[in-house]
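Thank you all for coming; I would like to walk you slowly through one structure today. Please have the sequence and the model open while I talk.

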Amino acid sequence: MNRPILLTLAALAAVVVIVVAALSGIGTTPNPDAAGTPSPTPTTPPPPTELRLLTHDSFAVTTPEILGVFESQNNAKVNILRAGDAGSMVNQAILTKDNPLADVLFGVDNTFLSRALDANIFEPYHAAGVDAVPAALRLDARERVTPIDYGDVCINYDKAAYGDANPPPQSLADLTQPAYRSQLVVEDPGTSSPGLAFMLATIARFGETGDYTWLDYWRDLRANDVTIVSGWNEAYESSFSGGSGAGDKPLVVSYATSPVAEVYYASPQPAESPTGVVTDGCFRQVEFAGVLAGTKQPELAKKFVDYMLTTVFQSDIPLNMFVFPAVPTAPVPQLFTDHAAQVPEPVTMSPEQIGANRERWINEWSAATH
Amino acid sequence: MDQRVVSRHALTTVALAVLPLAFIGLFFVFPVVTILLRGFAPNGVLDLAAPLQVLARPETLGVAWFTLWQAVLSTLLTLCVGLPGAYLLARFNFPGRRVLNALILVPFVLPTVVVGAAFLALIGPRGPLGLRLDHTIWAILLAHVFYNSAVVVRVVGGLWAQLDPRTEEAARILGASRWGAFRQVTWPLLRPAVLSAASIVFLFTFTSFGVILILGGPGYATIEVAVYRAAAVLLDLPAAATLALLQLCFLAVSLVVYARLQQRAALSQRLVAARVAARPPRGRAEWAFVGVTLALLALVLGLPLATLVERALAGPQGYGLDNFTSLFGQSARGALFVPPIDAIRNSLVFAGGATAICLPLGLLAAAVIAYRRGVLASGFDALLMLPLGTSAVIIGFGFLVSVGQLPIDLRTSPLLIPIAHALVALPFVVRACVPLMRSIDRRLRDAAAVLGASPGRTWRLVDLPIVGRAALIGASFAFAVSLGEFGATLFIVRPEAPTMPIAIFRLLSQPGTLAFGQAMAMATVLMLVTAIAALAFDRLRTTSVGGA
């Protein structure tokens, strides 16, 4: 082999090494803007212990304040690892359970819970503060996961499209009426989390047996010209006519808290949300955190789960993730209580039932709607 | 050739191929084989019952057929828009040419969520054209043309700009018609680059995911979508592995076809500097061509981009920069975990890293493929293309189950992001470089060798100037691919260093006009960054090596 080629190879190797070195700095160095971190004390403290938090793309807290409190209390550094949507995240945690990616997981909900529990990815833990959480949210008797927040998937409507003469629908059954023909857009339960929740609500409401089953309901929705899209973005932003929606359908499957975001993410903020919520037939989603089995930092991981149930963390949840805190006594911002819809009787279903039937129901749904 | 020369050739080939092979082996073959094995042999024993059942489902055949025909049709339509565009930019000098050349690359980097929103605003409900095309095949095809025209314009235009126009002029003087001269003279020289570009467009559209979900809706599914449902939603690894393998088989066949066609198409020729080939349009026919092509590009590429900018500027009090200022002010609160400016920096660092990883590997690989004909070389070429045609979920999940076994745990390292980007960008670099490298006149190289230059020196003097141009085209693609990469990144466990596409994705998943406006503003920033980067690469190309 001749020298120029060897030299070229050596130069290339050098470039690769330099790039690797530069990149390994990203993400591991603490954010220099982290105002909440304490200034260094004269005596050098022991280096902080790393806590890895595996979560989904929608996880949000007020940083650096909220994580900074935990970090300074425990001399820890919380590194957040994102793994796509909730389903994708659970699957990744299951695939790596022999050699876990992280110490603690946040964001598995009741629709994916049984899959995670069946795969034994969590270590049981009775979190400090969990006794204050209503029993209806504590879905695992063995306490492998701890409820952190909940939200309701509900039909939202465009207030501008309805009035006294033509009121918005009051119930799931109304949606098959001629008055609401061609007005509803829903998400595909095979690709969308609110889509799945809405399908589960119809199953819980109309049942699988009897004169009028959930599939009959969907056939009627189909006959009433329901629009089905793949995800929440296409439904809300592109098909829905209310709020920030740019479409022409006045009814959409979204969240009981979407009106809060319509006010919060508007400039200037309106006194009233341009969208409303149909509080009948809402499906309740509960989100959990758990200590991942096999973690090298079990004590710190448990402390983090405890921390997620403290008032500091719980009160920070509403305006970041637009869900209700699991601890009912945690103070909630005024803007949130003003605009979030309270759902008196949400529809629920056991995680085991969802886990056992999900694939079959999605297939039956596809057959009934196509 | 004596034995010593032959063995030296072989050694050189091995030396050139070893780094790209190691990269592909470690970050593609190893993860994908590991995850496929998990699917086919869940308990360590090969179990073919589940895969056969998946293949026997009637919908599997339907999905495979749809995937194939929409990809073929998308590729042909993309060529229809891209080839006139390539000719326009390669042969004609007109005001704004340089800017247009940079703007062409912009659609390529936009995340599918953004393009989906732009297309739905344009051809969805309440579209200004009064044309409803959402949830139809037309929306899918238009979006594919929008995304991939840049590949054809850049890859084909890169070569076309450097074909000696005098060859075609000579044919015209000798009495050939304009069309005849093109068909007899230019087309044979151009064919390798056209095939090269078409193969990438085919792979890209064959594995289309976001466009299908957003614009096609639940009524359409490619194999890629089916893999996603099986792996990411249902965690049905046997089904996911079967479908992923089916996809790979299709691609292997199409790559063999490609290699066959390419083998026949390769010709070497004299290349000239790009600025020699381009001249102002002359006469009515040429001006008409320029006008029609520009109108076509404006319609297919410009209109969706303009829609995005319009949405970014629109606010509750009319048009203004509110969305942009709020993006950089304090009101971008909870939805983003980091200040937006950090997302821009992260994107640039990752793109720089991906380019730095990808370019050397791509050049080495392109040299092997361009100079060593034969089964091994085309096999190597096909191997490099496969990551582009493999489901992002499969690669992402494969990383998790394989890379964890290595001594250094890279699974949660930020390094994995530029590595994944480099994997996707590598075929672009190779495809941009191979046609140019192949076209180098062998006689020049022979002459240098006869005059006593070592192969390395010959390469430096004869090949390097042309390779330099190829490298810059490749680099601009690698940079752009990384800036816009979204699919693969989504299925990798990412540390908290969001890129611009991820930030846009997160802003879009909040209700509220401000969040939507901020997402569109961020998309506009991404477009600007891309256009500036493309302009910078073009300038480098014309100043450093263009005159060679």
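This is a predicted model: local features need pLDDT of at least 70, side-chain atom pairs count only at pLDDT 80 or more; totals for chains, interfaces and linings use all residues.

**A walk through chains B and A**

Let me begin with one glycine, B:G517, whose place is in helix α24 of chain B, the helix that covers residues 513-545.

Is B:G517 buried or exposed? It has 26 C-beta neighbours inside 10 Å, and because 20 or more are needed for that class, B:G517 counts as buried. If we leave out residues up to four places away in sequence, B:G517 touches B:A312, B:G315 and B:N323. The C-alpha atoms of B:G517 and B:S326 are separated by 9.4 Å, although these two residues are 191 places apart along the chain.

From there I would like to step back to chain B as a whole, which has 24 helices and three strands. Its radius of gyration is 24 Å, close to the 24 Å that the globule rule gives for 548 residues, so chain B is as compact as a globular protein of that length. Of the 548 residues in chain B, 56% are buried. If we take the contacts in chain B between residues at least 6 apart in sequence, 83% of them join residues at least 24 apart.

Now to a pair of helices in chain B.

In general, two packed helices are described by the angle between their axes and the distance between the axes. Here the pair is helix α6 of chain B, residues 112-123, and helix α14 of chain B, residues 283-313, whose axes come within 9 Å and cross at roughly 95°. That angle falls between 65 and 115 degrees, and α6(B) and α14(B) are therefore roughly perpendicular to each other. On the α6(B) side the contact is made by B:V114, B:V115, B:A118, B:F119, B:A121 and B:L122, while α14(B) brings B:L303, B:P304, B:T307, B:L308 and B:R311. Sorted by class, the residues of this contact are nine nonpolar, one polar and one charged.

B:L174 and B:S254 are 80 residues apart in sequence, and from C-alpha to C-alpha they are 39 Å apart in space.

Let us turn to chain A.

Chain A has 13 helices and ten strands, and 52% of its 370 residues count as buried. Among its contacts between residues at least 6 apart in sequence, 74% join residues at least 24 apart.

How is chain A divided into domains? Domain 1 takes in 49-151 + 286-325, and domain 2 takes in 152-283 + 348-369. The centres of domain 1 and domain 2 of chain A, taken over C-alpha atoms, are separated by 28 Å. Their contact draws twelve residues from domain 1 and 14 residues from domain 2 of chain A. On the domain 1 side, helix α4 of chain A, residues 113-118, gives the most, with three residues. That side of domain 1 of chain A has six nonpolar, four polar and two charged residues.

One residue in chain A that I would point out is A:F106, which lies in strand β3, residues 104-109. With 23 C-beta neighbours inside 10 Å, A:F106 counts as buried. Leaving aside neighbours within four places in sequence, A:F106 is in contact with A:L53, A:T55, A:F59, A:I148 and A:A289.

I will finish with two backbone details.

Most residues other than glycine have a negative phi. A:N75, however, is not a glycine and has a positive phi of about 45°; A:N75 lies in the loop between α2 (65-74) and β2 (76-82) of chain A, and with 13 C-beta neighbours inside 10 Å it counts as partly exposed. A:F322, also not a glycine, has a positive phi of about 55°, and A:F322 is found in the loop between α11 (318-321) and β10 (324-325) of chain A. A:F322 is buried, with 27 other C-beta atoms within 10 Å.

Technical notes:
Residues are numbered from 1 along each chain as its sequence is written. Chains are lettered from A and ligands numbered from 1 in the order in which they are written. Axes are lines fitted to C-alpha atoms, for helices over the stretch in contact, and angles run from 0 to 180 degrees between N-to-C directions. Helices (H or I, at least four residues) and strands (E, at least two) are DSSP runs, numbered from the N terminus. Angles under 35 degrees count as roughly parallel, over 145 as roughly antiparallel, 65 to 115 as roughly perpendicular and the rest as oblique. Two residues are in contact if their C-beta atoms, placed from the backbone, lie within 7 Å. Ala, Val, Leu, Ile, Met, Phe, Trp, Tyr, Cys and Pro count as nonpolar, Asp, Glu, Lys and Arg as charged, and the others, Gly among them, as polar. Domain bounds come from an automatic or database domain assignment. The radius of gyration is taken over C-alpha atoms; the globule rule is 2.2 Å times the number of residues to the power 0.38. A residue is buried if 20 or more other C-beta atoms lie within 10 Å of its own, exposed if 12 or fewer, and partly exposed in between; C-beta atoms are placed from the backbone.
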